[in-house]
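Here are some notes for a colleague who is opening this structure for the first time. Please read them beside the model.

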Amino acid sequence: MQLRKENILIVDDDVNILELLQRHLQSWNYHVFKAISVKEAVTILRDTPVNLLITDLKMPEVDGFELIKFVSEHYPKLPKLVVTGYPSVQGSLEAIKSGVVDYLTKPFTKDELKLALDKTMVASEKNVLQAKNSSEEKQQGYREIIGNSEKINTVIQIIERVKNNKATVFIKGESGTGKELVARAIHYQGKFSRAPFIAVNCGGIPENLLEAELFGYIKGAFTGAETNREGFFQAANGGTIFLDEIGNASLTVQSRLLRVLQEKEVVRVGSTKAEKVDVRIIAATNSDLQDMIQKQTFREDLFYRLTVVEINVAPLRDRKDDIQLLVEKFLFKYGVEYKDRFLKIAPEALAILERYDWPGNIRELENIIQRAVIMSDKIVDIAHLPEHLKHSITFSPEALVPLKVVEKQYIEKVLRATGNNKTKAAEILQIDRKTIRQKLLD
């Protein structure tokens, strides 16, 4: 029999079922990873390339449906097989809608499992064999760039244009907007994804060390240089180097970067010998490089070399339609990590998040949701948000609208959050159903 190398993750709170599945799968030469909870499963998914998920549905705290939802959003190419002891028509329909290929009822025979397994593997896109050659970074892909807004769609469209060539890309955006996620997507979604991706924070390395770290050095080049050492550019050869906060690079480093872009070669500190490198450069900053050019702290010729293709990552205040999706992502991430369950957010708390201006962007939002999850049990509400958030809501003049419009928009949001359950919405809003109908008609 040909040796299989696919990794299969099985998730069930019943250890007897896990052992049974493991024996069957190993007899067919699959590599098996076991998890007794969704929290364990998520950890394995983040650390290990997985080719197939087999999960139970009925589990304590976070159930299998939430795991399926998480996998569908973050690992959409990963095939899913459900094994459950509580079959139902509604359950099977929900599972299939979420991308589950087959639905196996306990107890099952070894032959039934084999049929379901083969069906799932064959039905998965590209036979799922590409997953075993993918790194975790590639699995993340665009799923880490959360949002459906026009600004995010524009970013993804540009990524699609540049991912399969080595054109230099310049990413501009405020701190916390996700510039490195964009850089990683460019690399790992393209045809050079198997080559190295090296991220360098130019603002996080002391100025006197950055030159040596980027380009390498030879023995004796300076005090402490006891051996020859490659730099980040040599390490990234064939792949991509991401230079974050490029505005922090000294003029000496800028001059060396210009040589890399023009000549495709680097010279180690202390050496005169040039080394050829084949590296795509992606640079990013939250600084105003045009202003730095005027002040002669950034080279104009380097600026034009770096900005062959520009990507502008919008601040969160300009893409507030994406806040709910981001909140759901962080609620799941930290709910599973800290509580072993999937938390929800109260509509009124979400409304505050959507009105806030987010000077710290996505990083600030993630930190606030992380704290809120720790402080809450099952539902994040206003009480779990920091005080400054509740009292720092600002409105631009063009955003001001009549009160009845705000009321109507908020009522519609609450109705969506409650599945159009007017009774539940009335309880949350503390008004009666008749008032809801009237305000929607106004």
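1. Axes here are lines fitted to C-alpha atoms, for helices over the stretch in contact, and angles between N-to-C directions run from 0 to 180 degrees. The model is a predicted one. Two packed helices are described by the angle between their axes and the distance between the axes.

2. Helix α18 (residues 403–417) packs with helix α20 (residues 433–441) at an angle of about 125 degrees, and their axes are 9 Å apart. That angle makes α18 oblique to α20. The crossing of α18 and α20 is left-handed.

3. Which residues make the contact of α18 and α20? From α18 come Glu407, Lys408, Ile411, Glu412 and Leu415, and from α20 come Ile436, Lys439 and Leu440. Four residues of this contact are nonpolar, four are charged and none is polar.

4. Helix α15 (residues 347–355) is mostly covered, with seven of its nine residues buried. The buried residues of α15 are Pro347, Ala349, Leu350, Ala351, Ile352, Leu353 and Glu354.

5. In strand β1 (residues 7–11), five of the five residues are buried, so β1 is largely enclosed by the rest of the structure. In a regular strand the side chains alternate between the two faces of the sheet. Asn7, Leu9 and Val11 point one way from β1, while Ile8 and Ile10 point the other way. The residues on both sides are all buried.

6. How does β1 run relative to strand β2 (residues 31–35), and how many bridges join them? The two strands run parallel and are joined by five bridges. Val11 of β1 stands opposite Ala35 in β2.

Technical notes
Residues are numbered from 1 along each chain as its sequence is written. This is a predicted model: local features need pLDDT of at least 70, side-chain atom pairs count only at pLDDT 80 or more; totals for chains, interfaces and linings use all residues. Side-chain values use heavy atoms; hydrogens and water are left out. Helices (H or I, at least four residues) and strands (E, at least two) are DSSP runs, numbered from the N terminus. Angles under 35 degrees count as roughly parallel, over 145 as roughly antiparallel, 65 to 115 as roughly perpendicular and the rest as oblique. A crossing is left-handed if the near helix is turned anticlockwise from the far one by less than a right angle, and right-handed if clockwise. Contact means heavy atoms within 4.5 Å. Ala, Val, Leu, Ile, Met, Phe, Trp, Tyr, Cys and Pro count as nonpolar, Asp, Glu, Lys and Arg as charged, and the others, Gly among them, as polar. Buried means under 20% relative accessible area, exposed over 50%, partly exposed in between (1.4 Å probe, protein chains only). Two strands pair if DSSP finds at least two bridges between them.
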